[in-house]
Amino acid sequence: MVTIKDVAKEAGVSVATVSRVLNENGYVGVDTKKKVLQAIAKLNYSPNEVARSLYKRRSRLIGLLLPDITNPFFPQLARGVEDEVSEAGFRLLLGNSDENVQKELDYIQTFAQNNVVGMISATSHVDYGIYDALNLPLVLLDRISDEYPAVYADGEEGGRLAAETLVEKGAKQITVMKGPSHIKPAQDRYRGAVEALNRSEASYTVMSTTSFSFEDAKGWAEELFAKYPETDAVIASNDMVAIAILHEALQLGKRIPEDLQIIGYDDIPQCSLSYPTLSTVRQPAYEMGRQAARLLMKTINKEQEIEKSIQLPVQLIERNTTRKG
Ligand code: RIB
């Protein structure tokens, strides 16, 4: 059985360092963390080593790994995946990593132990090499890298659309909320927004954030108005953060959209329930899920001429947190 000592030796670090990476407590440098995760994947180490399947047989199971099932964006992805694989006669095993690399590793192990025949991952650690040792068809969804087949939406276009819309609607002091630096879609749309604003006359500030989670969204909203009380428009990093900003702005007595315009990102169902309803950039989450599952089925069936990556368009959805006309 592979032990933590074997991982430490393979990675050329101490056991304590491996432990810090696994438990995500204490500082570990990016390169060291990458070496440890690659060693874990290479040795197929699992702290919770369990008996492997007694026999290998081809199942009809597909593994889907999501980073945060409390965010309404991800269940829409999952629904698209599930509908597609079900129509193909497969069943879905769902894992939720909580943006935690150890949970991600555990689920990869669990999927393998349950003989899934393929996997779709929408999590955030693809660049750590933990999928390199995965001997299974794999498609990345939304949070992608160049090494694997992938389905994603055009984040740069989404950032550009949000920025140009606010400039066209008279925004003069825009705050761009930059999503978590390790999440590629967040950086794509941030880049698209800033490039568009640099071509405009509007002034803007950037507020960096380190999570998309609902729990943290209220804190980002409070920080935004504490740092930039004069902002007259916000490009939020996602809809949950946008809804928290809307809530905080209304509590501060701001009129929406007269005093403050807000554009979110994703178009989760709750956007049409907020008051005022939230303008946002719509990612075609359901279709992204279906396309990822279709790409995986082609890979499993070893079809010819399989697309390497599929980019889907985004769409601006104007509701009532942006000015009319
Ligand atoms: O809201 C969650 C965000 O993380 C979405 O914008 C999606 O792109 C995912 O990566």
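**Exercise 1. Is K169 buried or exposed?**

Find the place of K169, its accessibility and its contacts.

*Solution.* This is a predicted model: local features need pLDDT of at least 70, side-chain atom pairs count only at pLDDT 80 or more, and totals for chains, interfaces and linings use all residues. Residues are numbered from 1 along each chain as its sequence is written, and side-chain values use heavy atoms, with hydrogens and water left out.

Step 1. Locate the residue. K169 sits in the loop between α6 (155-168) and β6 (173-178). Helices (H or I, at least four residues) and strands (E, at least two) are DSSP runs, numbered from the N terminus.

Step 2. Apply the cut-offs. Buried means under 20% relative accessible area, exposed over 50%, and partly exposed in between (1.4 Å probe, protein chains only). K169 has a relative accessible area of 10%, so K169 is buried.

Step 3. List the contacts (heavy atoms within 4.5 Å). Leave out residues up to four places away in sequence. K169 then touches Q261, E318, T322, R323, K324 and G325.

**Exercise 2. Describe the chain as a whole.**

*Solution.* Step 1. Count the elements. The chain has 10 helices and 12 strands.

Step 1. Test the size. The radius of gyration is taken over C-alpha atoms, and the globule rule is 2.2 Å times the number of residues to the power 0.38. For 325 residues, a compact globule would have a radius of gyration near 20 Å. The chain has 21 Å, which agrees. Along its principal axes, the C-alpha trace spans about 65 × 45 × 35 Å.

Step 2. Look at burial and contacts. Of the 325 residues, 54% count as buried. Take the contacts between residues at least 6 apart in sequence: 71% of them join residues at least 24 apart.

Step 3. Accessible areas come from the Shrake-Rupley method with a 1.4 Å probe; for residues, only the protein chains shown count as cover. The accessible surface of the chain is about 14800 Å². Carbon and sulfur atoms hold 50% of this surface.

Step 4. Count the charges. Lys and Arg count as positive and Asp and Glu as negative; His and the chain ends are not counted. The place of a charge is NZ of Lys, CZ of Arg, CG of Asp or CD of Glu. The chain has 37 positive and 44 negative side chains. The centres of the two sets lie 4 Å apart.

**Exercise 3. How many aromatic pairs does the structure hold?**

*Solution.* Step 1. Know the description. A pair of aromatic rings is described by the distance of the centres and the angle of the planes. Rings of Phe, Tyr and Trp (its six-membered ring) pair if their centres lie within 6.5 Å; planes under 30 degrees apart count as stacked, over 60 as edge-to-face and the rest as tilted.

Step 1. Count. The structure holds 2 aromatic pairs.

Step 2. Classify F73 and F74. Their ring centres are 5.2 Å apart and their planes stand at 80°, so this pair is edge-to-face. F73 has 3% relative accessibility and counts as buried. F74 is buried too, with a relative accessible area of 3%.

Step 3. Classify Y107 and F111. They form a tilted pair, with 6.0 Å from centre to centre and 40° between the planes. Both lie in helix α5 (residues 101-113), and being 4 residues apart they are separated by about one helical turn. Y107 counts as partly exposed at 26% relative accessibility, whereas F111 counts as buried at 2%.

**Exercise 4. Which peptide bonds and phi values stand out?**

*Solution.* Step 1. Recall the background. Most residues other than glycine have a negative phi, and most peptide bonds are trans.

Step 1. Check the prolines. A cis peptide bond joins I256 and P257, with omega about 10°. P257 lies in the loop between α9 (239-251) and β9 (261-266). The bond from Y275 to P276 is also cis, with omega near 0°. P276 is in the loop between β9 and β10 (279-282).

Step 2. Check phi. D98 has a positive phi, near 55°. D98 lies in the loop between β2 (91-96) and α5, and it is partly exposed at 43% relative accessible area. D267 has a positive phi near 65°. The place of D267 is in the loop between β9 and β10, and D267 is buried at 12%.

**Exercise 5. Which residues does R282 touch?**

*Solution.* Step 1. R282 is partly exposed, with a relative accessible area of 31%.

Step 1. Leave out residues up to four places away in sequence. R282 touches D266, D267, V314, Q315 and I317.
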